[in-house]
Amino acid sequence: MEPNKTYNPALSGNPQSATGRVYPNGNPDLGYNLPGARNTDSAVPLHRGKPVVHDYACDGPAPGTIGFRWTYGSNVAAKNRDPRVQVIQYNEDTFILRQNVCVHWEAPFTYLLFGNKGALLIDSGATAEAHLYPLRETVDAIIARIGQVRGWRDIPLTVACTSGEDVAQNQGLRQFAGRPGTTIVPTPLAVMKQHYGLAASWPAGTGRIDLGGRVIDVIPTPGTHKDGVSFYDPYCDFLFTGDLLFPGKINIANDRDFLASLERLKAWTASHPVKWIMGGHIEMMFVPGKAYPRFATYKPYERVLEMVPAVLDEAIQYAREIQGHDRMLIRPDFILLNNVSPDQRTLEWPEGVPNINPPRPF
Amino acid sequence: MDRRTFLTTSSAAAVPLGSIGAAGLARAAAPATPIDFKSNLPAPGSFPDRWICGSPSCMDNTDPPVQVHWYNPHTAILRQNKAYSYEAPFAPLYFGNDRVLLLDEGFVQLRNDWDLRGVVDGCIADWCKRNGRDPASLELLVAFSHLHADHYAATNQFADRPNTRYMGLTQEEMMGFWGMTNFPEERVTLDLGGRDILIWGSPGHVMSEFAHYDSYTQILYTGDMFYRGRCYISFWQPWFDSMKRLIDFCDTHPVSHVMGCHVEISKDGQDYAYGMTYQPDEAPVQMTVQQLREAFEYAKTITKPGIYFTGTVFLCNQTRGTTTIDQNPYRY
């Protein structure tokens, strides 16, 4: 790689900046006119005669960033006043929503993706009651705003879960029942397979959700849930893996399926570019191999959500190792639990991984 | 007065006149009749049918930060709100003619987060109003059953409270606070002013733990070594010996209730997993002597580490570091 000519960290920025950005003031070597600019809608001209159409074909991942920290609860959960649904726009067509950990400890992530002809909501949160967790209201408001911006009247919405049986992700579905212009992917396994056209091929084959210029692939990935699926977004180059692979304690429900699904995803990454793997939760801390216990409502030292695709190789290696064994296996970015209690602990610490205990939060 | 003397001096001599302020002197002009804590025992009292036990969404919890239940007019039992800490321990507050004993606290340190000090001051003010006393004349003893943070986290809220002593956070200071020299066998008597609290060592869950017996209500407070939930037994033999001491005590003393620090089990024996913040159907905190005896009989049959259900409590024998009761519900 050619040495960086213009950027001198000592003079231009701090490579160890707290935000984790190597180029806090931008990287001059990249130049100004990046190709991704055409993927972003323009605010000018202000008033347009016809609906805005986005170009979802791009070289490499679409531009976008998680520019903020996730809310992480509070020491006294009863006094938490953070939003019940935290919204971070990743880019103009991609929103990441997180449930407040003081509403439900699972604090699941929900993804809202827009295409030219529709929107997709991936997962629906852990709380059904709209007054506690107003997911529907938040999604409606985002869709209404996007509709105004783009000059659309109706935006059909599809609501799909990474697992229909997962009570940490399916509870919000009830809020969308009866919503006009909405397709809720059925949750019973057989009907879900049929819906995606996978009845005969499951767990091989893939389904599609066409949002208009942005086609989301549906990849069967049972293993942590018998009805688990992952979604691939070719625009952001994201794999949405739900409970199958996320920075946390992965409770394996069937170790053969788990390994097969990871290998299926690995094969997928060989033929499709993947920037990040986006799971459904965060349970790991930012120190390697340490996770918050179940039911924690204060997680000030949380790891970031996104995982690089190389984590897949590691997951496959250790899924093989754990197969057929009732045990817990710690890795820096995730923990595997096979046929043990979700609260299982272990005295085995992975070799070569620094064993750091963050201070008590109080 | 040193530690040994405050344990043994009589209630009349235990109020140093010099410590009574101007307001105290005004009231002291008509001294209230001392309360009789030694007749008609056990003093009747009652536990609530249902304690406040969390909510589905923590941030929407509107219950008081501390539930105060008056077991009888001279005995309050405090419980931390589960939305303030999942540990939600119980904390008895025993009143005597001269001093007040707070046993255990809750799992929050700072007053701005959780004002235990304010609640305790409020209880003392209530009691004093009802009994014609001056709060400044009552000494407060802040102690804890054992050396775990969910039982002492709020300790420093009492640092600037007048006429208050609290226990230090080491085995030595805990023993010294009760004037013990022969832990765990030695049983000391704390005189709250006509109301005796018997205290002895009860190690097993941790090395540094006490059992407390209130001679007025005859409640035996067993801390975390025996409570309605998962008794995490870190050290089997000390725990078993402590159980034997409790049984021997029950053989020789009347006990109205056995009470632990937490509840982690439902009325029908379902485990509420470690860390849960909502226990809608939780079992009562109080247990009978019979339940204690049954658990001891069960314990006699235990020879290996593991989790055992006695019908009342889970005995988690040296399992804390490795396993728990829950299963993954999605296995297929």
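1. What radius of gyration would a compact globule with 362 residues have, and what does chain A have? The rule puts such a globule near 21 Å, and chain A has 21 Å, so the two agree. Along its principal axes, the C-alpha trace of chain A spans about 65 × 60 × 45 Å.

2. Please keep in mind that this is a predicted model. The scores are ipTM 0.88 and pTM 0.88. For chain B the mean pLDDT is 91, with 90% of its residues at 70 or more. Residues 9-29 of chain B, however, have pLDDT below 50, and this stretch makes 24 contacts in the model beyond near neighbours in sequence. Where pLDDT is low, the predicted coordinates should not be read in detail.

3. Now have a look at the make-up of chain A. Its secondary structure consists of six helices and 15 strands. Of its 362 residues, 41% count as buried. Among contacts in chain A between residues at least 6 apart in sequence, 62% link residues at least 24 apart.

4. Next, find where the two chains meet. Chain A brings 33 residues to the contact and chain B brings 29. The chain B side has 13 nonpolar, twelve polar and four charged residues.

5. Helix α6 (residues 236-252) and helix α7 (residues 289-300) of chain B pack at an angle of about 140°, with axes 10 Å apart. The crossing of α6(B) and α7(B) is left-handed. Among the contact residues are F240(B) and M243(B) from α6(B), and L292(B) and F296(B) from α7(B). By class, the residues of this contact are nine nonpolar, no polar and one charged.

Note on methods: Residues are numbered from 1 along each chain as its sequence is written. Chains are lettered from A and ligands numbered from 1 in the order in which they are written. This is a predicted model: local features need pLDDT of at least 70, side-chain atom pairs count only at pLDDT 80 or more; totals for chains, interfaces and linings use all residues. Axes are lines fitted to C-alpha atoms, for helices over the stretch in contact, and angles run from 0 to 180 degrees between N-to-C directions. Helices (H or I, at least four residues) and strands (E, at least two) are DSSP runs, numbered from the N terminus. A crossing is left-handed if the near helix is turned anticlockwise from the far one by less than a right angle, and right-handed if clockwise. Two residues are in contact if their C-beta atoms, placed from the backbone, lie within 7 Å. Ala, Val, Leu, Ile, Met, Phe, Trp, Tyr, Cys and Pro count as nonpolar, Asp, Glu, Lys and Arg as charged, and the others, Gly among them, as polar. pLDDT is the predictor's confidence in each residue, from 0 to 100. The radius of gyration is taken over C-alpha atoms; the globule rule is 2.2 Å times the number of residues to the power 0.38. A residue is buried if 20 or more other C-beta atoms lie within 10 Å of its own, exposed if 12 or fewer, and partly exposed in between; C-beta atoms are placed from the backbone.
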